[in-house]
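Me: I would like to learn how to read the features of a model like this one. Could we go through it together, one topic at a time?

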Amino acid sequence: MKITDVAIQLAPSGQDRLRGFCCITMDGCFVIRDIKIINGPSGLFVAMPSRKIMASCPQCRSKNHLHARYCNQCGSQLPGMASTSGGDRVKMHCDVAHPINAECRQMIEKEILNAFQAEAQRAQQPGYVSRQIGDGGETLAPTEMEPQG
């Protein structure tokens, strides 16, 4: 498996820890979008795409976030969040895609962080325009970008 393309979109300045988003293509035929580049206590790291874990309402069975007190569909009060043993926090997100071993994670992280550093250097140049990553994983030229708003 080889990463054949890395598209970086820098986060707007003023973000606390988020530095950018990334989309990678593997072997020219598989795309992983919404990878986050975050500035953590030990420096930059890559966070794989994730989704919030949901729980069903006992009344109507619609899905709600774990911290919700009331059902978004029927309005009934939801039971309290289950506590974990030892006072651990309840897991609120799960990865949609992730490497299954350290070697693969390191390879992905290295490629992404190298591309991020290159994009950050380009951002220092006069006339730099941030690229936007499209729904298909492609990098859109500034003229193809949809208006923000």
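Me: Which residue in β4 does Gly-40 stand opposite?

Reply: Gly-40 stands opposite Gly-43 in β4. The model is a predicted one, in which local features need pLDDT of at least 70 and side-chain atom pairs count only at pLDDT 80 or more, while totals for chains, interfaces and linings use all residues. Residues are numbered from 1 along each chain as its sequence is written, and side-chain values use heavy atoms, with hydrogens and water left out.

Me: How many bridges join β3 to β4, and how many residues does the hairpin between them pass through?

Reply: In general, strands of a sheet pair through backbone hydrogen bonds, in either a parallel or an antiparallel way. Here β3 and β4 run antiparallel and are joined by 5 bridges, and the hairpin that connects them passes through 2 residues. Two strands count as paired if DSSP finds at least two bridges between them; strands (E, at least two residues) and helices (H or I, at least four) are DSSP runs numbered from the N terminus.

Me: In what order do the strands of the sheet lie?

Reply: The open sheet has 4 strands in the order β1-β2-β3-β4, with antiparallel pairing. β1 (3-10) and β4 (43-47) stand at the edges with a single partner strand each, so one side of each is left without a neighbour in the sheet. Between β1 and β2 (residues 18-26) there are 7 bridges, and Gln-9 has Phe-21 in β2 as its bridge partner.

Me: Which helix packs on this sheet, and which strands does it touch?

Reply: Helix α1 (residues 102-123) packs there, touching β1, β2, β3 (30-40) and β4, and its direction makes about 45° with that of β1. Contact means heavy atoms within 4.5 Å, and angles run from 0 to 180 degrees between N-to-C directions, with axes being lines fitted to C-alpha atoms, for helices over the stretch in contact.

Me: Which side chains meet in a salt bridge?

Reply: Side chains of opposite charge can pair when their charged atoms come close. The structure holds 1 salt bridge (a side-chain nitrogen of Lys or Arg within 4 Å of a carboxyl oxygen of Asp or Glu), in which Glu-119 and Arg-122 meet at 2.6 Å, N to O. Being 3 residues apart in helix α1, Glu-119 and Arg-122 are separated by about one helical turn.

Me: Is Glu-119 buried or exposed?

Reply: Glu-119 is buried, with a relative accessible area of 1%, whereas Arg-122 is partly exposed at 40%. Buried means under 20% relative accessible area, exposed over 50%, and partly exposed in between (1.4 Å probe, protein chains only).
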